[in-house]
Amino acid sequence: MRSQIVVGLLGKMLIAFALFMVVPLCYAVFQREAAGLAFLNSMVATGLFGLALFYGGQTAGHVGTREGFLIVAGTWVFTSAFGALPYYFSGWVPTYLDAVFETVSGLTTTGA
(Lines give C-alpha, C1' and ligand atoms only; values in the text may rest on other atoms or scores of the structure.)
Protein backbone atom coordinates (compact mmCIF):
# COMPACT_ATOMS: atom_id res chain seq x y z
CA MET A 1 0.00 0.00 0.00
CA ARG A 2 1.21 3.48 -0.82
CA SER A 3 0.61 5.45 2.36
CA GLN A 4 2.17 8.68 1.03
CA ILE A 5 -0.69 9.03 -1.45
CA VAL A 6 -3.24 8.44 1.32
CA VAL A 7 -1.62 11.09 3.51
CA GLY A 8 -1.44 13.61 0.67
CA LEU A 9 -5.04 13.14 -0.38
CA LEU A 10 -6.29 13.30 3.20
CA GLY A 11 -4.45 16.59 3.46
CA LYS A 12 -6.25 17.83 0.35
CA MET A 13 -9.59 16.81 1.84
CA LEU A 14 -8.88 18.65 5.08
CA ILE A 15 -7.84 21.78 3.21
CA ALA A 16 -11.12 21.65 1.29
CA PHE A 17 -13.01 21.10 4.55
CA ALA A 18 -11.29 24.13 6.07
CA LEU A 19 -12.25 26.22 3.05
CA PHE A 20 -15.89 25.16 3.44
CA MET A 21 -15.80 26.59 6.97
CA VAL A 22 -15.62 30.04 5.38
CA VAL A 23 -19.37 29.92 4.74
CA PRO A 24 -20.46 29.65 8.41
CA LEU A 25 -17.65 32.03 9.37
CA CYS A 26 -19.01 34.69 7.02
CA TYR A 27 -22.54 34.12 8.28
CA ALA A 28 -21.43 34.41 11.91
CA VAL A 29 -19.57 37.64 11.16
CA PHE A 30 -22.57 38.98 9.24
CA GLN A 31 -24.88 38.19 12.14
CA ARG A 32 -22.34 39.52 14.67
CA GLU A 33 -22.28 36.26 16.60
CA ALA A 34 -19.55 35.26 19.02
CA ALA A 35 -19.22 31.90 17.24
CA GLY A 36 -17.27 33.60 14.46
CA LEU A 37 -14.07 33.27 16.46
CA ALA A 38 -14.75 29.56 17.01
CA PHE A 39 -15.14 29.04 13.27
CA LEU A 40 -12.00 31.03 12.55
CA ASN A 41 -9.94 29.01 15.04
CA SER A 42 -11.36 25.75 13.71
CA MET A 43 -10.68 26.76 10.13
CA VAL A 44 -7.07 27.63 10.93
CA ALA A 45 -6.47 24.39 12.88
CA THR A 46 -8.03 22.26 10.14
CA GLY A 47 -6.18 24.07 7.38
CA LEU A 48 -2.80 23.85 9.10
CA PHE A 49 -3.20 20.15 9.80
CA GLY A 50 -4.34 19.61 6.22
CA LEU A 51 -1.34 21.52 4.87
CA ALA A 52 0.99 19.44 7.03
CA LEU A 53 -0.50 16.23 5.66
CA PHE A 54 -0.53 17.57 2.11
CA TYR A 55 3.13 18.55 2.14
CA GLY A 56 4.07 15.40 4.07
CA GLY A 57 2.56 13.13 1.45
CA GLN A 58 2.11 13.05 -2.29
CA THR A 59 -0.98 13.31 -4.42
CA ALA A 60 0.22 11.91 -7.73
CA GLY A 61 0.05 8.23 -8.45
CA HIS A 62 -2.28 5.29 -8.70
CA VAL A 63 -4.94 4.93 -6.01
CA GLY A 64 -5.86 1.29 -5.56
CA THR A 65 -8.73 -0.28 -3.67
CA ARG A 66 -6.88 -0.39 -0.36
CA GLU A 67 -5.85 3.22 -0.60
CA GLY A 68 -9.39 4.20 -1.57
CA PHE A 69 -10.88 2.51 1.47
CA LEU A 70 -8.33 4.16 3.75
CA ILE A 71 -8.91 7.58 2.18
CA VAL A 72 -12.68 7.34 2.66
CA ALA A 73 -12.37 6.07 6.24
CA GLY A 74 -9.75 8.69 7.06
CA THR A 75 -11.90 11.43 5.57
CA TRP A 76 -14.83 10.45 7.78
CA VAL A 77 -12.64 10.32 10.89
CA PHE A 78 -10.80 13.59 10.22
CA THR A 79 -13.87 15.58 9.17
CA SER A 80 -15.69 14.35 12.26
CA ALA A 81 -12.78 15.25 14.53
CA PHE A 82 -12.16 18.68 13.00
CA GLY A 83 -15.83 19.42 12.39
CA ALA A 84 -16.39 19.12 16.13
CA LEU A 85 -14.02 21.98 16.88
CA PRO A 86 -16.48 24.85 16.27
CA TYR A 87 -18.99 23.26 18.65
CA TYR A 88 -16.34 22.78 21.30
CA PHE A 89 -14.60 26.16 20.87
CA SER A 90 -17.88 28.07 21.00
CA GLY A 91 -19.03 26.30 24.15
CA TRP A 92 -22.31 25.09 22.67
CA VAL A 93 -21.60 21.56 23.87
CA PRO A 94 -20.02 20.71 27.22
CA THR A 95 -17.44 18.13 26.09
CA TYR A 96 -15.46 17.38 22.96
CA LEU A 97 -17.00 13.91 22.75
CA ASP A 98 -20.49 15.45 22.61
CA ALA A 99 -19.23 17.74 19.85
CA VAL A 100 -17.94 14.74 17.87
CA PHE A 101 -21.31 13.02 18.32
CA GLU A 102 -23.14 16.07 16.98
CA THR A 103 -20.74 16.37 14.06
CA VAL A 104 -21.03 12.73 13.06
CA SER A 105 -24.79 13.03 13.32
CA GLY A 106 -24.76 16.06 11.07
CA LEU A 107 -22.28 14.74 8.51
CA THR A 108 -24.00 11.39 8.13
CA THR A 109 -27.49 12.92 8.41
CA THR A 110 -28.49 10.33 11.04
CA GLY A 111 -30.02 13.14 13.06
CA ALA A 112 -32.40 13.96 10.21
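The structure is a predicted model, in which local features need pLDDT of at least 70 and side-chain atom pairs count only at pLDDT 80 or more, while totals for chains, interfaces and linings use all residues. Residues are numbered from 1 along each chain as its sequence is written, and side-chain values use heavy atoms, with hydrogens and water left out.

The protein has six helices and zero strands, where helices (H or I, at least four residues) and strands (E, at least two) are DSSP runs numbered from the N terminus. Along the sequence the pattern is accordingly written α-α-α-α-α-α. Taken along the principal axes, the C-alpha atoms fill a box of roughly 45 × 25 × 20 Å. Of the 112 residues, 35% count as buried; here buried means under 20% relative accessible area, exposed over 50%, and partly exposed in between (1.4 Å probe, protein chains only). Contacts (heavy atoms within 4.5 Å) can also be sorted by sequence separation: among those between residues at least 6 apart in sequence, 71% join residues at least 24 apart.

We can turn next to the interior. In soluble globular proteins, nonpolar side chains tend to be buried together. A nonpolar core is taken as a set of buried Ala, Val, Leu, Ile, Met, Phe, Trp, Tyr and Cys residues joined through side-chain atoms within 4.5 Å. The largest such core holds 14 residues, and M43 and F82 touch the most other members. Helices α1 (3-20), α3 (35-56) and α4 are the elements that give two or more residues to this core, and α1 gives the most, with seven residues.

Rings of Phe, Tyr and Trp (its six-membered ring) pair if their centres lie within 6.5 Å; planes under 30 degrees apart count as stacked, over 60 as edge-to-face and the rest as tilted. By this rule there are six aromatic pairs. One of them joins F78 and F82 in a tilted arrangement, with 6.4 Å from centre to centre and 45 degrees between the planes. These two residues are about one helical turn from each other because they lie four residues apart in helix α4 (residues 65-83). F82 is buried, at 12% relative accessible area, whereas F78 is partly exposed, at 23%. Another pair, Y88 with Y96, is edge-to-face, with centres 5.9 Å apart and 85 degrees between the planes. Y88 is partly exposed, with a relative accessible area of 39%, and Y96 is likewise partly exposed, at 32%. Ring pairs also link F49, F78 and F82 into a cluster.

The search for open space used a 1 Å grid over the protein atoms alone: a pocket is an open set of points where a 1.4 Å probe fits, with protein on both sides within 12 Å along at least five of seven lines, and lining residues have an atom within 4 Å of a point. Grid points are joined across faces, edges and corners, and a volume is the space filled by probe spheres set on the points. On this basis the largest pocket contains about 390 Å³ of space. Its lining comprises 18 residues, of which P24, F39, G83, P86 and Y87 lie nearest the pocket centre. At least two lining residues come from each of α1, α2 (22-30), α3, α5 (85-90) and α6 (96-108), and α6 gives the most, with four residues. By class, the lining has twelve nonpolar, four polar and two charged residues, where Ala, Val, Leu, Ile, Met, Phe, Trp, Tyr, Cys and Pro count as nonpolar, Asp, Glu, Lys and Arg as charged, and the others, Gly among them, as polar.

Some individual residues complete the picture. W92 sits in the loop between α5 and α6 and is exposed, with a relative accessible area of 69%. C26, in helix α2, is partly exposed at 45% relative accessibility. R32 has a positive phi of about 55 degrees although it is not a glycine; R32 lies in the loop between α2 and α3 and is exposed, at 77%. T109, also not a glycine, has a positive phi of about 55 degrees. T109 belongs to the segment after α6 and counts as exposed, at 54% relative accessibility.
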